[in-house]
Amino acid sequence: LRKIFYAARTHSQLSQFVGELRRTRWGSNVRVVALGGRQVLCGNKELRRKLPNSEAAISEACLDLQKSKTISCPLLASREATSTLALHMLAQPCDIEDAARLGEA
């Protein structure tokens with residue numbers, strides 16, 4: 001099993017890498033995990049609407065929702081949905097924008 005770690009400064013560079021990877025003969029057989037911050041990957045539209053430009057505030061609010069006993073993030077409420085999302089993300093190479101769209105679906 002070979003592992004490749006690819007890091008880039010911008011999301012567009014990561015997207016370009018994933019696009020090129022998809023075009024290779026290994027594109028359908030490789031797994032890609034895109035790492036990004038909550039500001040980019042958060043699919044909770046209400047939370048993102050309330051805190052549109054503050055990564056620190058989004059991270060803090062997300063953690064509060066995860067710890068809260070009375071209110072929770074609707075996207076994390078279903079373990080089945082979270083597991084399904086993880087399987088979809090590993091089924092084929094996806095970049096950060098693909099991952100964000102899958103999370104919103």
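This is a predicted model: local features need pLDDT of at least 70, side-chain atom pairs count only at pLDDT 80 or more; totals for chains, interfaces and linings use all residues.
Y6 is partly exposed, with 43% of relative accessible area.

**The aromatic pair**

Searching the whole structure turns up 1 aromatic pair. Its partners are Y6 and F17, which are stacked with 4.1 Å from centre to centre and 5° between the planes. Because Y6 sits in the segment before α1 while F17 belongs to helix α1, the pair ties together parts that are 11 residues apart in sequence. Here are the two partners side by side:

| Residue | Relative accessible area | Class |
|---|---|---|
| Y6 | 43% | partly exposed |
| F17 | 26% | partly exposed |

**Where α1 meets α6**

Helix α1 has another partner to look at. The axes of α1 (residues 11-23) and α6 (residues 96-104) come within 8 Å and cross at roughly 90°. The two helices are therefore roughly perpendicular, since angles of 65 to 115 degrees fall in that class. On the α1 side, H11, L14, S15 and R22 make the contact, and they meet I96, E97 and D98 of α6. By type, the residues of this contact divide into 3 charged, 2 polar and 2 nonpolar.

**The nonpolar core**

Which residues make up the largest nonpolar core? There are 6 of them: C42, L47, I58, A61, L65 and C73. Helix α4 (residues 55-67) gives the largest share of this core, with 3 residues.

How values were computed
Residues are numbered from 1 along each chain as its sequence is written. Side-chain values use heavy atoms; hydrogens and water are left out. Axes are lines fitted to C-alpha atoms, for helices over the stretch in contact, and angles run from 0 to 180 degrees between N-to-C directions. Helices (H or I, at least four residues) and strands (E, at least two) are DSSP runs, numbered from the N terminus. Angles under 35 degrees count as roughly parallel, over 145 as roughly antiparallel, 65 to 115 as roughly perpendicular and the rest as oblique. Contact means heavy atoms within 4.5 Å. Ala, Val, Leu, Ile, Met, Phe, Trp, Tyr, Cys and Pro count as nonpolar, Asp, Glu, Lys and Arg as charged, and the others, Gly among them, as polar. A nonpolar core is a set of buried Ala, Val, Leu, Ile, Met, Phe, Trp, Tyr and Cys residues joined through side-chain atoms within 4.5 Å. Buried means under 20% relative accessible area, exposed over 50%, partly exposed in between (1.4 Å probe, protein chains only). Rings of Phe, Tyr and Trp (its six-membered ring) pair if their centres lie within 6.5 Å; planes under 30 degrees apart count as stacked, over 60 as edge-to-face and the rest as tilted.
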